[in-house]
Amino acid sequence: MPQDILIKITDRNGVQHEVQAPTDMNMNLMEVIRAFELAEEGTIGICGGMAMCASCQCYILNEVPLPEKSPDEEAMLWEAYHVQENSRLGCQIHINQEIEGLEIQIAPEQ
């Protein structure tokens, strides 16, 4: 039976939110951030989750098993602002049981 997982998301104002993200809706992290309105409207997921804008860049704050970066994600992060070693695109991280307990911080706007 699919269950929601806990994800801790620090917004761009430094406020941490604990959200229950559904694992049965084929969502990605960017969509969860939008669904819970944790970033200002129109500032995240501008490309619709195609790894083409980096507006959903976030910093991974803890060790959880994440998929390897795709070539498209690597290329977009190469061009993005505010990139750190722990940067990922939220649209490329799908919500599943393996990422239970993930902690992220939303990167500043591009």
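User: In what order do the elements of the protein run from the N terminus on?
Analyst: This is a predicted model, in which local features need pLDDT of at least 70 and side-chain atom pairs count only at pLDDT 80 or more, while totals for chains, interfaces and linings use all residues. Residues are numbered from 1 along each chain as its sequence is written, and side-chain values use heavy atoms, with hydrogens and water left out. The protein has two helices and five strands, taken as DSSP runs numbered from the N terminus (helices H or I, at least four residues; strands E, at least two). From the N terminus on, the order is β-β-α-β-α-β-β.

User: What is the radius of gyration of the protein, and how does it stand against the globule rule?
Analyst: The radius is taken over C-alpha atoms, and the rule is 2.2 Å times the number of residues to the power 0.38. For 110 residues the rule gives 13 Å, and the protein is close to this, so it is as compact as a globular protein of that length. Along its principal axes the C-alpha trace spans about 40 × 30 × 25 Å. The radius of gyration is 13 Å.

User: What is the strand order of the sheet?
Analyst: Two strands pair if DSSP finds at least two bridges between them. The edge strands, each pairing on one side only, are E2 (16-21) and E4 (87-89). The twist averages 35 degrees from one strand to the next. The sheet is open, with mixed pairing, and its five strands have the order E2-E1-E5-E3-E4.

User: Which residue in E5 is the bridge partner of Cys58?
Analyst: Strand E3 (residues 57-60) runs antiparallel to strand E5 (residues 103-106), and three bridges join them. Three bridges also join E3 to E4, again antiparallel, and there Cys58 stands opposite Arg88. In E5, the bridge partner of Tyr59 is Gln105. For Cys58, the partner in E5 is Ile106.

User: Which residues of E3 are buried on each side?
Analyst: Buried means under 20% relative accessible area, exposed over 50%, and partly exposed in between (1.4 Å probe, protein chains only). In a regular strand the side chains alternate between the two faces of the sheet. Both faces of E3 are covered, with Gln57 and Tyr59 buried on one side and Cys58 and Ile60 on the other.

User: What angle does the direction of helix H2 make with that of E4?
Analyst: Axes are lines fitted to C-alpha atoms, for helices over the stretch in contact, and angles run from 0 to 180 degrees between N-to-C directions. Contact means heavy atoms within 4.5 Å. Helix H2 (residues 71-79) packs on the sheet, touching E3 and E4, and its direction makes with that of E4 an angle of about 120 degrees.

User: Is Asn28 buried or exposed?
Analyst: Asn28 is in the loop between E2 and helix H1 (29-35). Leaving aside neighbours within four places in sequence, Asn28 is in contact with Gly90, Cys91, Ile93, His94 and Ile95. With a relative accessible area of 6%, Asn28 is buried.

User: What are the phi values of Asn26 and Ala54?
Analyst: Asn26 lies in the loop between E2 and H1 and counts as exposed at 67% relative accessibility. Ala54 is in the loop between H1 and E3 and is buried, with a relative accessible area of 3%. Neither is a glycine, yet phi is positive in each. Phi is about 55 degrees for Asn26 and near 65 degrees for Ala54.

User: What distance separates the C-alpha atoms of Leu61 and Asn86?
Analyst: Leu61 is in the loop between E3 and H2 and is partly exposed, with a relative accessible area of 43%. Leaving aside neighbours within four places in sequence, Leu61 is in contact with Asn86, Glu103, Ile104 and Gln105. Leu61 and Asn86 are 25 residues apart along the chain, and their C-alpha atoms are separated by 7.5 Å.
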